[in-house]
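Hi,

Here's the structure I promised to pass along. Have a look, and then read on for what turned up in it.

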Amino acid sequence: MEGYENGKFRTIYKMLTNGELGTAMAEYEKVSADMVNPLLQERFQQICNDYRLMLDFLLRGFRDTERDRLYSQLIVRFDQLVADTDMNMQTENSQMFANIKKNLAAFSAQHDEVYGRLEAFVTDMAMTELEEEAIQDLKQKDLYERHYSFMSKLFEHIWLSSQWSDDDMAAYERLLLSPTIERNDIMLILSAVFLANSQCFDARKTLLMVNISAKATDEHIRQRALVGWALTLDERMSLYPQLTDAIREYCGNDGNTQQLVELQKQLYFCLNAERDNEAIQKDIMPDIIKNSNLNITRFGIEEKDEDTLQNILNPEAQEEAIDKVEQSFRKMVEMQKAGSDIYFGGFSQMKRFSFFFQTANWFAPFDVNHPAIKHVTGSGKQTAFIQALLKSGPFCDSDKYSFVLAMSNVFDRLPDNIKEMMNGESMFEVYNASQDTESPVYIRRMYLQDLYRFFKLYTNKQLLHNPFNSQHGKRGTALFIDHSVFCGTIADDRYTEIGQFLLRRNNTREAWSMIERLREIQSDSLLELRAQCLYMQGKGEEAEMLYRKVVEKNPDDAKAISALAKITFQTGRYDEAVEYYKHLQQQYPDKLSYQLNYCVALSKTPQVAESIETLYRLYYENPDNHNVLRVLAWNLLVAKRTEQAGTEYEKLLQIGDQKAEDWLNAGYYYLIVRNVEKAVAMFRRYVEESKSAQDARHLIGKQIAADADVLLENGIDKIEMQLIVDLVMESM
């Protein structure tokens with residue numbers, strides 16, 4: 001079913017974007033040959049007639065000063081017809097969509113009527129405050145039930161609506177900016193517009209969301225509109241100058257541009273939800289489960305019953321266990337603060353309630369008065385807990401509904417002490433203390449998590465055009481910031497910032513895609529980003545050429561010089577690497593990493609002895625820096641100052657913060673001094689620490705071959721090296 005827009009219609013859309021109206025019309029005729037919708041057929045015939053008139057006028061040799069404008073109008077008319085046909089076929093070929101359309105047959109969505117009903121709800125609710133409590137509760141319950149039923153139908157009507165007219169857009173803009181409409185209703189309508197636009201692009205729906213994101217004063221409304229249009233950009237926007245002008249005007253504000261950059265990064269945190277969940281299950285939960293003799297209370301983490309024997313044998317065990325659990329929880333909190341979706345794994349199992357059969361409920365802002373949870377929130381038993389949940393904001397709205405519905409099934413069966421804990425005001429204060437729940441960043445994050453859950457877990461998700469997997473015709477990426485509409489509005493350094501962000505998160509393909517689309521921008525920062533991307537793709541020669549261009553323009557560009565140093569070192573041009581690192585350490589004498597890399601490069605040249613004095617000085621100045629000790633020990637070994645190297649390796653193996661390479665290099669030392677048994681033990685430890693035991697022979701053999709020059713200089717021949725590999729394998 002996802003095939004219509006992605007296949008034949010996508011081809012037609014591309015033709016229209018390229019201005020190929022005649023070709024697009026011919027293709028459309030093939031696609032719609034079996035279409036039985038008379039209104040769409042009539043519209044197509046009218047466009048064909050107008051196009052034929054234009055061709056006839058040209059054939060007669062007449063010059064028409066209005067031809068360009070009329071041709072553009074025809075393309076827009078035809079684009080909207082294709083979109084309506086696309087949506088019509090999606091509806092006809094989906095039982096779910098067909099059922100929704102059938103249920104909406106008697107639903108009236110006249111603009112004045114919708115506006116009146118939404119305003120009347122606010123007025124009617126206010127009037128119930130004058131009633132006696134018993135009557136008030138009954139009236140409010142009835143009002144909410146009827147209102148949510150209406151909103152659900154309105155949501156579905158917008159979702160499956162055809163292309164909007166200017167009047168439609170103006171009516172909804174008036175409604176969404178109205179101070180007399182409930183904020184939750186406005187937010188739900190915005191989600192419906194977004195979902196409709198992700199299903200089938202509509203320029204006026206997009207323009208509506210752009211206008212709301214620019215004009216609304218409520219941050220929740222602004223952010224929902226911003227996310228809505230940013231996630232539904234399409235290359236067909238170039239056919240609609242009013243829309244592209246509005247987006248460019250929006251980007252003229254630095255604060256708006258900043259929010260777009262933040263949103264782009266947040267999208268990738270969402271995409272990593274499953275990976276983050278795997279990390280929690282693998283790295284964090286084991287510590288919590290292992291220390292499951294601890295109680296988590298509203299007063300902190302406490303041990304259950306004392307284990308007297310354990311206290312005698314290991315009196316520090318209690319503090320260690322508590323510390324490990326607290327570290328695990330802190331790690332999850334830090335992951336969340338950084339943007340990770342730490343709750344996806346748990347709550348993904350809680351979306352099977354009948355509540356989520358109603359599409360609108362996936363997008364509904366959390367409301368204790370929602371009829372589907374009123375039996376829980378209105379009971380009085382869980383009031384404090386629900387209020388704490390609502391105010392704290394550690395969960396997105398979808399998860400809040402899941403939590404409340406799940407708790408409604410078990411709350412009465414919970415022990416009293418657990419109920420007391422859950423009703424305590426401090427249950428979520430760890431999150432309250434660390435997060436501004438009204439900030440744009442936080443509001444966007446929560447909404448993105450709602451959207452991610454919907455597109456990932458919705459029962460009929462195969463019918464949807466998932467914006468987390470598709471942007472302006474590119475499948476498998478949530479990258480939107482490189483859309484052509486932003487060119488010239490977003491500063492080059494912001495593109496570079498996003499590119500660096502993507503590369504840090506190993507999204508090399510997306511970073512390269514962005515760089516390719518921005519090829520016409522010839523800025524130094526993007527040139528350097530291009531070089532970095534080429535390097536990460538294993539294209540060292542191409543990367544080196546670009547880095548050299550950067551250095552030609554700016555001889556003191558530290559990033560480019562550092563990259564050239566790394567490339568020349570890796571390709572065995574050690575003298576060049578030495579010169580690059582020498583330049584860097586002279587330029588930045590206080591930067592320790594440059595000095596250490598300079599010394600490492602020297603270790604590959606006959607000038608290795610020159611580095612020893614520098615390294616002893618650095619070690620004296622940085623006695624707690626283990627990297628200095630590592631480089632010192634290695635350079636001493638290469639310089640054949642074996643006894644001194646042994647002293648430093650003994651220190652290194654006692655620090656408790658070893659890297660796998662420390663055991664390897666220490667093994668070389670023991671091999672050189674002919675303590676073969678200990679050398680084999682060191683090499684074995686290296687393999688174990690490298691977590692590559694399955695390919696141990698290749699690993700140890702490859703490393704010994706890479707450092708063969710050092711061993712040969714110290715009298716270890718190649719046959720002995722091979723025998724050492726065999727001894728290591730025997731010991732495994």
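A quick definition before the details: a residue counts as buried under 20% relative accessible area, exposed over 50%, and partly exposed in between. Please also keep in mind that this is a predicted model.

Salt bridges first. A search of the whole structure turns up 36 of them. Glutamate 516 and arginine 530 form one, at 2.7 Å from N to O. Glutamate 516 sits in helix H26 (residues 508–517) and arginine 530 in helix H27 (residues 524–536), so this pair ties together parts 14 residues apart in sequence. With a relative accessible area of 30%, glutamate 516 is partly exposed, whereas arginine 530, at 15%, is buried.

Lysine 215 and glutamate 173 make another, with their closest N and O atoms 2.6 Å apart. That pair links distant parts of the chain, 42 residues apart: lysine 215 is in helix H11 (residues 203–215) and glutamate 173 in helix H9 (residues 166–176). Here lysine 215 is partly exposed at 46%, and glutamate 173 is buried at 13%.

There's also a network of salt bridges linking Glu544, Arg548, Arg573 and Glu576.

The other thing to look at is helix H32 (residues 610–621), whose buried residues are Ser611, Ile612, Leu615, Leu618 and Tyr619. Seen down the helix axis, they fall within an arc of 130°, so they line one face of H32. The face turned away from that buried side carries the exposed residues Glu610, Glu613 and Tyr620. Covering the buried residues are, among others, helices H31 (592–602), H33 (626–638) and H34 (642–652).

Cheers

Definitions and conventions:
Residues are numbered from 1 along each chain as its sequence is written. This is a predicted model: local features need pLDDT of at least 70, side-chain atom pairs count only at pLDDT 80 or more; totals for chains, interfaces and linings use all residues. Side-chain values use heavy atoms; hydrogens and water are left out. Buried means under 20% relative accessible area, exposed over 50%, partly exposed in between (1.4 Å probe, protein chains only). Helices (H or I, at least four residues) and strands (E, at least two) are DSSP runs, numbered from the N terminus. The arc is that of the directions from the helix axis to the C-beta atoms. Contact means heavy atoms within 4.5 Å. A salt bridge is a side-chain nitrogen of Lys or Arg within 4 Å of a carboxyl oxygen of Asp or Glu.
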